[in-house]
Amino acid sequence: MTKKDVPQSARIKTKFPIVGIGASAGGLEAFESFFTSMPSNSGMAFILISHLDPTHVSILPELIQKKTEMTVTVITDGLKMKPNSVYAIPPNKDVAILNGVLHLMDLPQPRGFNLPIDNFFKSLAQDQGANAICIILSGTGSDGSLGLKQIKGQLGLVMVQDEESAKYAGMPRSAIATGLVDYVMPVDKMPEQLIKYTRHALVEPTGRICNNKDQFQKALPKIFILLRAHTKHDFSLYKKTTIIRRIERRMHVHQIDNVQDYVTYLQTRKREVYVLFKDLLIGVTSFFRDPEAFDILKNNFLFHLIADTSEDDMVRIWVAGCSTGEEAYSIAILLQECMEKQYRQVDVQIFATDIDEEAINIARSGLYPLSISADVNPERLKRFFTREENHFRVKKTIREMLVFAPQNLIKDPPFTKLDVLSCRNLLIYLGPELQKKLLPVFHYSLKPHGILFLGSSESIGQNTTLFKIQDKKWRLFKRQSTLSITRPILDFPVLPPHEHTAAAQTIETVRKAENINSFMLVETILKQSGTPPCAIIDEKSNIVYTHGRTGKYLEPSIGKTSINILEMARPGLKPVLSAAIRKVSALKQEFSYNGIDIQDNGGGIKVNLTVKPVLAYGAVSGMLMIIFNDTTPVKNQIIPKKSKQTENVTQLKQELQFTKENLQTTIEELETANEALKSTNEELQSTNEELQSTNEELETSKEELQSLNEESATVNAELQSRIDELSDANDDMKNLLDSTEIGTIFLDIDLNVRRFTNRITRLIPLSSADIGRPIKHFATEFKDFNIFEHAQQVLKDLITQELEVASRNNTFFRTRMMPYRTMHNVIDGVVITFEDITEFKQFRLTTQRLAVIMDSKDAVIIQDNDGTITFWNKGAQKLYGYTEQEALKMNILDMMPRENHQESLAFMENAFTGNLFQSLETQRKTKDGKTITIWLMAAALRDEKDAINGIVTIERRN
């Protein structure tokens, strides 16, 4: 299980279900069949994602429109969706959704390998959560398989076209193989089932499922019993809210309203128990999920781990809750990169475990869909994967680093002596009681200074004495040493005897898997070093590995077959071998015995015996190596015959000598143990007295804390009220500053950016990440204005400055710079405002020009494209006799003799093309009816869009 990428509270869900439908080859027929059966009033919005030619204009919307009464629209950037509508992806684009709004993204490589269905499904899951629905139709490849995992992980619905009805079954087959599909059916049956689900779960929820909490509490134990009986796993200590949400989702799928009815449904349908089990184990994972976290793990920890590991040691890592293995392989790839960078080769063993055996089988195969290319960069794909048809397979060099095994973290023993323990996004699904018990187990499993790697939504809670935080954001912790050296016993619910047996078998399987790589390493060392014949035994003296020909020293025991080396030792070897094994096991150092007589098929040989501990190669820790070295080169050399009595005496003397040595070793061990027990007893007595004293102090502290807690609650309430007031005031201030449209920037006493309004970003390239940076680091849009120097002057003189400044695009601002004063009248910086006065300056300039024109002795007249007079100055009034009020009601044709109308119309038409006449002689009629001859010059007037909207003429009597 993994975390949900987006918190529930952070999502802005639509009020209607959103259905993402993905298809590729053969998808058009499937789309048409689907919408032919889908009513137009379903209350849902449909987004069609298909693989389109980036250079071809798609006619998919037109074709779908013929099959439905709903409006089919090509998606545009920033499109807000509506229910009962269909939206189709345009060519050469990816689609994402944020707060219910569709956004278009450019494809990284238009002709390359793209995964638009996966990308949209992931975005849909993150944005809409349980409101998301995905459908996969006909197509080749595996696009959509990773995205549907995200949908299912957020409690959404997954539907897939059955392989029989699909024209191309690649995409449906890949989706079904995930085991996470809710419905598999022909396309024409999907609309009916989809409507039933959405009305039950989203559109018209009954509210009866979770309203009766008592009924749910009674049903949960029964569901846990059914799950345990069929799957052998106990979910009673998992987080109840998570379990309930998963159960509710299954009830929605079957349109069951009452939880007791669902219990009955589970009892009568065994398959549903396993489907619910799979729902509870949904593993939403991917390669290098949270890339920044893996970069920090690699650069800050794994690189140094490889550098500090000797060639004789092994790097041991445990990935708990590995799901389908992507995270475990990611860590293996990082380790390989670290070794290659340092030109070193260190033995690495990564144990990856999960409760889900199907997921473990997928992980073992190392086979993943092509869509992982969205998470793994091309360089890593080339180096660590091989392509096989529609899949990528992890290369053998990486796979050999890992051992995958099913394991129940709750009841099975943990791995130990670990350098790194990764348990990401699992603890969030476990209850607080279980989390509290598991963290000490993780602490016990790690070596001193080992690293614990958790998910970004997880924490160590109150276990700060066990782990020290190394990276707060990405939850990397280092193990701290504690006084306790024993692993805490987990007080879990008692398991049935057969479950203990199964658990023991699982651990034995894991142990054997651990040994495989370890013995391969031992074998390589023995072959390269030329070691004489030898045997490796475990702590029970059972032979686990032999090297060379050992028949001269060992033989099968009589009777029941045994691999115990003491029972297989030839006559004369057993007493010495027994004593040597005992001594080396106790003292952990090498011992040798020379000249031992061994009977060999009627003859005899002398052997030098060496027994030494085997270095801790992974699981082989605690084992011994028995080395046999002949002292006589001739095989079966005949030993001079002695009397039987002499042989018996010699043998008895040897046995007596070895018995004395064994007895002496035993006495020393007992004395050491007795001293340790005596010391421990004294420490326990002292600890008991300290605990009694501590208990009394705690009782006193408890009363004091209760009083302090009541006081703190009162103070906290007051502070919370003050915080609310400050928050409201801050909101008011922000809205006030934004509404003024005045660019404002606040600088601290060192002239670093403290705060700014959005308006200022048009002049100074600031973002939220720039708070705290010196203002002199930023280039501005101003001409001949150094904001830093002026701010320095204000701080020096404590005098407000007002000046006009211009930007490079000739926008003018009134700038006001004044000292920033606190409530206590302390100077703590500078406040700078920029008010846009461009329009004001233009208006002032225009006013000045109009004043000049109004007082001009020449007649100045402005007319629009219809000839209506819109401006009339004093010169025009003096020349023609009409007042300004009279002229503004007239058309220019009213002032022209009729015979000049055509000439005037042609003139106006020519002027409106933008041509300027140097001069033109024409005639005008004055107010008193006279016709006068004038000379005029005309020019076109243009608006802000550079379109001609009038003509200005300057006229003078000839």
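Trainee: What should I know about the numbering and the values before we start?

Mentor: Residues are numbered from 1 along each chain as its sequence is written, and side-chain values use heavy atoms, with hydrogens and water left out. In this predicted model, local features need pLDDT of at least 70 and side-chain atom pairs count only at pLDDT 80 or more, whereas totals for chains, interfaces and linings use all residues.

Trainee: Why is strand β32 called largely enclosed by the rest of the structure?

Mentor: A strand here is a DSSP run of E with at least two residues, a helix is a run of H or I with at least four, and both are numbered from the N terminus. Buried means under 20% relative accessible area, exposed over 50% and partly exposed in between, with a 1.4 Å probe and protein chains only. Five of the five residues of β32, residues 859–863, are buried, so the strand is largely enclosed. A859, I861 and Q863 point one way, V860 and I862 point the other way, and all are buried.

Trainee: How do you know that β32 pairs with β36 and with β33?

Mentor: Two strands pair if DSSP finds at least two bridges between them. β32 and β36 (residues 948–957) have five bridges in the antiparallel sense, while three bridges join β32 to β33 (residues 869–872), also antiparallel. I862 stands opposite V952 in β36, and the bridge partner of I862 in β33 is F871. β32 and β33 form a hairpin with five residues between them, and G867 in the turn has a positive phi of about 90°.

Trainee: Why are helices α9 and α11 called oblique to each other?

Mentor: Axes are lines fitted to C-alpha atoms, for helices over the stretch in contact, and angles run from 0 to 180 degrees between N-to-C directions. Under 35 degrees counts as roughly parallel, over 145 as roughly antiparallel, 65 to 115 as roughly perpendicular and the rest as oblique. The axes of α9 (residues 240–253) and α11 (residues 270–280) come within 10 Å and cross at roughly 135°, and the two helices are therefore oblique.

Trainee: What makes helix α4 largely enclosed?

Mentor: Nine of the nine residues of α4, residues 145–153, are buried, so this helix is largely enclosed by the rest of the structure. Among the buried residues are L146, K149 and K152. α4 is followed by L155, whose phi is positive, near 70°.
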